Each structure stands twice: as C-alpha cells, then as structure tokens.
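Welcome, and thanks for taking a look at this model with us. Please have the viewer open as you read.

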Amino acid sequence: MSRRSTYGIIGSVRPAHPTDELARLLGRPAVLRAGRDDTARYTTPARGPAGAAVDVVRPASTEEVREVVRWAREHRIRLLPQGANSGLVGASTPPGDAGDRLVVLSTDRLRDGLRVDEVDRTALVPAGIRLSELNRAAAEVGLWFPIDLGADPSLGGMVATDTGGARMLRHGDVRRNTLGLEVVLADDGVSVVDTLRVHRKQNEGLDPTALFVGSSGALGVITRVAVDLSVRPAETLAAWIPLDDPHDAVRLLGHLERRLDPLLSAFEVVSAAARRAAAVVGPTLPLRPAPWAVLVEVAGPEGAGDLLVAAAADAPVPTDDALVLPAASAWRVRHAVTEGLARTGTVVGHDVAVPRADLADLVTSAAAQVTATWPDATVADFGHWGDGGVHLNVVFPPGATVDDALVEAVHDIVFTLAVDRHGGTFSAEHGVGPANASWWLRSASPATFELVSALRRTCDPLGVLGHPGLPGPLSA
Ligand SMILES: Cc1cc2nc3c(=O)[nH]c(=O)nc-3n(C[C@H](O)[C@H](O)[C@H](O)COP(=O)(O)OP(=O)(O)OC[C@H]3O[C@@H](n4cnc5c(N)ncnc54)[C@H](O)[C@@H]3O)c2cc1C
C-alpha cells in the first residue's frame, strides 16, 4: 500500500519530480527539466550572473497558463513569468538559491493568433511574440509598433516592464500604446482579466489595463496584448553631432523640438566612453572626438530630412561637424553600446531620469564622484536625454572585484544624486527588479506601499507569482 504525497507516491515507488504533473497535463514539450534539458537561455540574463538551474514550463495557450497557475497554487511553487529574458533589473532570471520551489513560466510558446488590423491601425498580439515579429507583420501593411530598443523583447515582457526605448520622445512608452490586455491572475478562481479591445475610444470608467503595465510579473501572467500601431514614416534621417559641453545638448534639444515638432523622433546623448565601447563590437563613425555626441533623428513625410538639416544649421550650439546619415547606420552605433560595454569590463548599470535641465549636471557630478572614489572606474553614460533619461553605467576594468557591497556603494552615489539631489527616478524605463528593489522601498510613499500590497493580495493571495527578489509588497 502506498500513500500519495504532494508530488508522487511515498513507499516503494520513487517520488515523482515536481513538474512531472505539468508534463502529464500539458504534454512533454511544455516542460524543460533542469539538468536533463538545455535550460541555459532561461537562466542566463542579458546582464549579470546566471541564475540557478530550474525547471521551465512553457504553456501554449491562456487555458494552459491557467493550468500551470492552478498547479503552482496547489503545490505552493513560485512561478517566475519570463518573456525574452532581456530585462536588465534581474527580475526575469531565477535567483541563485531558487531550488525546486521556483519554476520559470516562459511565454515563448504563447504565439497563436497574431492579428494586425490595417484599418484600425491596431494589433492583437499573443504575449510570446517578439517585437521584431510584430513589426514584420505590421510592415506588410505599412505600420509599426514604434517602441524601439537594442533588444528584441516579447510583447508580454514589454507590458510587464513598460518598455520605453529610443523613440519614446515621439511615440511614448508601452503604457501609451497599449489598448488592452488579457491577464491570468493567481487568485482563488485563477481568473482571466480581459480588457482586450482594438478601438481607442472607450471611457467606461475605471480600466484595470494600466494596473498590469509595469507590474513586473507580480500581479498576473499577461497572455495577450492589444496595441496601437503607427504609420511607418516615409522618410527618416539622422545626424550625429559632437559636443564639448553637455549643457549644449539640452539647448540643442529645445531648439530642435521647437523647429521640428512633431517630426523629432529621437534625441540620444552618448558619452565618448560609451562610443569607444560601441566601437569594440560595432561600426565606427568618422566623427570628431568629443566628450559627448548627440544622435538626433527625424521621421515623417518626404522632406523631413531636409528640415533636420536646416534646423541643425541654425542651432544655438556648434553643429558644423555634424554627420548626417541614414537612420539605420546611425542607430547601429548607438545600439552597439550595451554589448560593447559588457565586453569592456564589469558594468554596474543605472537607468535614471531627472528633469532635462539637470541632465548635464547629473552626468558630470556622477562622473566626478565615481572616479574620485574608484579611480580605475569609468562612467560611460548614454541614453534618451529627450525623455530626461540616461543610462549611467559605471564600468570597472576586467579582473576588478565587483562584489555586492561595491555595487551597493556605486548605486548609492548614482541614485542619491538622481533621486535626492535632482528629484528624479531610480528607474526611468527598465522597471523594477532585485537590482533596484531597495530603492523602490525607499521611494514608495506609505500610501503607494499599501495600495500595491492590497493589489498583490487580491491578484495573488498565496504569493506564487513573480521574482522573490521584487520589493516586499510585490513579492510577499
Ligand atoms: C541590449 C538591450 C537594450 C535594451 N534597451 C532598452 C530600452 O531602450 N528601453 C527599455 O525600456 N528597456 C530596454 N532593455 C530592457 C528590456 O529589453 C526590456 O525591459 C523588455 O521589455 C523586457 O522584455 P522581455 O520579454 O525580455 O521580458 P523579460 O526580461 O523576460 O521579463 C522582464 C519582467 O517582465 C516579467 N514578464 C515577462 N513576461 C511576462 C508576462 N507575459 N506576464 C507577466 N510578466 C511578465 C518578468 O517576470 C520580469 O519581471 C534593453 C535590454 C537589452 C538587453
């Protein structure tokens, strides 16, 4: 006689592995077992050390996601939702000590039912579809999803992190371009919240859609997304403009906005250190060496490029040595920065935003404080100055010991400057994860803290969803 345990049979028969039940329910391809199958891409983040090897479950439909969540609730196993695993705050990869009480719930098989509506200029997108795939489908009818970044995330992950990207100045973030969602909760009924709609006008009172944008996988599993698409511009042109003084960048931004509105689509500032890193992996430009350079882009009807050239010519800052070039070539350099930095040394990253008038002071005072404290470190800042955002990366040379205490000390300098001195944010666009959880706790007001705790209790009362290293009210 044998007795059933949580996972199998106690007695003469060997206990089953926790996820065997899921393989039975969903079929063998839906489950990857750590140690038996190749799970490395689910446990290796875009930045930072690999997480623990854990099992991965890959449901292929909303109903299968519900099965997985029911199973997790029953066995009190934590599910870590994961899209393309390109997140930069440590929230998508298992922690090193995850053990077998955590399973990655990958959305990479949630792919059926992508639909682009040319007339409404909208799309209905399964959460596992990548940004590049959505854009390929939209391009067939002259449209695109105008969130642009150097990675290829899933749509579900983009919603969960509220991705910003390089063209936020013109098109806004994911929040602004999301029309509705389908989300599986981990509440007692494993309910499905469905606000999917493909029309823009709907004002029926409170709308829960926005609650899940930026929810870091802690309030529900996003299974489908309805998005607003934009018309592909007929002409896009970019210029790289070297600058000696970062304050000139903000003056140039104001001038270009006034002259080019609404055609200005990106305004990026890249330090010399970040451009040197990009050159390690990408193409180089014949640009005058200068401590900073601006990448500016216009997009619009035929003739938009001429307007950029004219606006740059009468700018209030020197632009004589600007390099005007096709947008794709200009962006290749910019998009090579992240990978280049990772090859250059150990990167302690920060994704901060402050009022635009303060950006120049922020980057110069951060560089001064960092190099005074760690003379072998380099500050390689770059980012979306048009939105007030900057990726303030501190790079330590290869071989340097960069332990948790050092990372915290670097964070302390940069976040204190951005948040306390300049009234900005510790997370401009990368969302919230273990990498910045302590700053969320420091920044959230008691009322926000309480509201988030209440939402979490409602959507996931047993606490089975999300990364255990998220800030307390999101992970409890
Ligand atoms: C080279 C590079 C450049 C980048 N540039 C930018 C940039 O310019 N702007 C920017 O904003 N970000 C940028 N990122 C960060 C990253 O690409 C975004 O945060 C992206 O939106 C994450 O999507 P993902 O599918 O990879 O999600 P993942 O990394 O897999 O997950 C991120 C978070 O979302 C949760 N999640 C994922 N899918 C779901 C789901 N279906 N339901 C519920 N929760 C879910 C996870 O639990 C985790 O908390 C960059 C990353 C890289 C590597």
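## Around the ligand

Helix α5 is the element that gives the most to the shell around the ligand, with five residues; helices here are DSSP runs of H or I with at least four residues, strands are runs of E with at least two, and both are numbered from the N terminus. Before going further, please note that this is a predicted model, in which local features need pLDDT of at least 70, side-chain atom pairs count only at pLDDT 80 or more, and totals for chains, interfaces and linings use all residues. Residues are numbered from 1 along each chain as its sequence is written.

Which residues come nearest to the ligand? Of the 37 around it, they are Gly83, Gly87, Gly156, Gly157 and Gly217, where near means that the C-beta atom, placed from the backbone, lies within 6 Å. Two or more residues of the shell come from each of β5 (78-82), α5 (155-161) and β12 (221-228). By type, the shell holds 15 nonpolar, 21 polar and one charged; Ala, Val, Leu, Ile, Met, Phe, Trp, Tyr, Cys and Pro count as nonpolar, Asp, Glu, Lys and Arg as charged, and the others, Gly among them, as polar. Domain 1 and domain 2 each supply at least three residues to the shell.

## The chain and its domains

The protein chain has 18 helices and 21 strands. Its domains, with bounds from an automatic or database domain assignment, are listed here.

| Domain | Residues |
|---|---|
| domain 1 | 3-106 |
| domain 2 | 115-231 |
| domain 3 | 235-337 |
| domain 4 | 345-421 |
| domain 5 | 437-475 |

The C-alpha centres of domain 1 and domain 4 are 35 Å apart. Along the principal axes, the C-alpha atoms fill a box of roughly 85 × 55 × 45 Å.

## A helix pair

Helix α10 (residues 272-281) and helix α13 (residues 337-344) have axes that come within 7 Å and cross at roughly 90 degrees; axes are lines fitted to C-alpha atoms over the stretch in contact, with angles from 0 to 180 degrees between N-to-C directions. That makes α10 roughly perpendicular to α13, a term for angles of 65 to 115 degrees. The residues of this contact divide into eight nonpolar, two polar and two charged.

## Two backbone details

Most residues other than glycine have a negative phi, and most peptide bonds are trans. Asn85, in the loop between β5 and β6 (102-106), has a positive phi of about 60 degrees. The peptide bond from Asp261 to Pro262 is cis, with omega near 5 degrees, and Pro262 sits in the loop between α9 (246-260) and β15 (264-271).

Notes
Parallel < 35°, antiparallel > 145°, perpendicular 65-115°, else oblique.
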